[in-house]
Amino acid sequence: MKRYLRDRLPKPEIILDNKYLRWMKPWLGHPRLWHMHRGSVSLGIAIGAVTGLIPGPVQILLAILISIPLRANVLAAAAGTFVTNPLTFIPLYMFAFSIGTVVTGEKMSLLAPPDLSFSWTEPWLIVPAMWNWFMSLGPSLLVGLAILAVLLALVGYFGTRIVWRIVVTRLWHRRHLAKRW
């Protein structure tokens, strides 16, 4: 598993030698941020899942900034943010709102997302329209997002550890059987 990922992911030296990222080398140069082991990868996935729920383009940057002091895998944290994408963003937020209404006890019906048909002619109006929609959902959305973030982090962390364990165990058994013959 580790070798498979190591062969396919970009090397830290290549990333840190990029002229735009060179200034971050003192922070991103620590080897634990790039090491592929079960603990750092699963923590990176959990960090990415939590920061992936933050709306806006700062998800990956925030995931990397959080993973630096926690010594989580930076690439896993960045990849974990893709739990939200254009196809899953609205359903996840609707699910968070549903969780929030159950927990807070509010009796609100889910408001329809804003009509973004104007976005092709006036794309600068997308952010205010989405912001107004979020604000209209109230505290139910915030409570639901907090609960969903914890759930996604737990599923990401323990799911990665379980999958990692299964893959390593299968590879070990395969090697063990190969030595017998």
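**Close-up 1. Helices α4 and α8 cross in a right-handed manner.** In this predicted model, α4 covers residues 38–51 and α8 covers residues 126–180. Two packed helices are described by the angle between their axes and the distance between the axes. For this pair the angle is about 155°, and the axes lie 8 Å apart. Angles over 145 degrees count as roughly antiparallel, so α4 is roughly antiparallel to α8. Sorted by class, the contact of α4 with α8 holds eleven nonpolar, four polar and three charged residues.

**Close-up 2. Helix α4 also packs with helix α5.** Here α5 is the helix of residues 59–70. The angle between α4 and α5 is about 140°, and their axes are 9 Å apart. The two helices are therefore oblique to each other. The crossing of α4 and α5 is right-handed. On the α4 side, the contact is made by Leu43, Ile47, Gly48 and Thr51. On the α5 side, look for Gln59, Leu62, Ala63, Ile66, Ser67 and Leu70. Six nonpolar and four polar residues make up the contact of α4 with α5, with no charged ones.

**Close-up 3. Helix α7 passes α8 in a left-handed crossing.** Now we turn to α7, which runs over residues 89–104. Its angle with α8 is about 70°, and the two axes are 6 Å apart. Because of that angle, α7 is roughly perpendicular to α8. The α7 residues in this contact include Phe89, Tyr93, Phe95, Phe97 and Gly100. Among the α8 residues they meet are Met130, Trp133, Phe134, Leu141 and Leu145. By class, the contact of α7 with α8 counts 18 nonpolar and five polar residues, and no charged residues.

**Close-up 4. The second largest pocket draws the largest share of its lining from α8.** Rolling a probe the size of a water molecule over the atoms shows where empty space is left. This pocket has a volume of about 250 Å³. Its lining is made of 14 residues, and nine of them come from α8. To find the centre of the pocket, search for Pro55, Tyr93, Leu141, Leu142 and Leu145, the lining residues nearest to it. The lining of the second largest pocket contains 13 nonpolar residues, one polar residue and no charged residues.

Terms used: Residues are numbered from 1 along each chain as its sequence is written. This is a predicted model: local features need pLDDT of at least 70, side-chain atom pairs count only at pLDDT 80 or more; totals for chains, interfaces and linings use all residues. Side-chain values use heavy atoms; hydrogens and water are left out. Axes are lines fitted to C-alpha atoms, for helices over the stretch in contact, and angles run from 0 to 180 degrees between N-to-C directions. Helices (H or I, at least four residues) and strands (E, at least two) are DSSP runs, numbered from the N terminus. Angles under 35 degrees count as roughly parallel, over 145 as roughly antiparallel, 65 to 115 as roughly perpendicular and the rest as oblique. A crossing is left-handed if the near helix is turned anticlockwise from the far one by less than a right angle, and right-handed if clockwise. Ala, Val, Leu, Ile, Met, Phe, Trp, Tyr, Cys and Pro count as nonpolar, Asp, Glu, Lys and Arg as charged, and the others, Gly among them, as polar. On a 1 Å grid over the protein atoms alone, a cavity is a set of points where a 1.4 Å probe fits but cannot get out, and a pocket is an open set with protein on both sides within 12 Å along at least five of seven lines; lining residues have an atom within 4 Å of a point. Grid points are joined across faces, edges and corners, and a volume is the space filled by probe spheres set on the points. Contact means heavy atoms within 4.5 Å.
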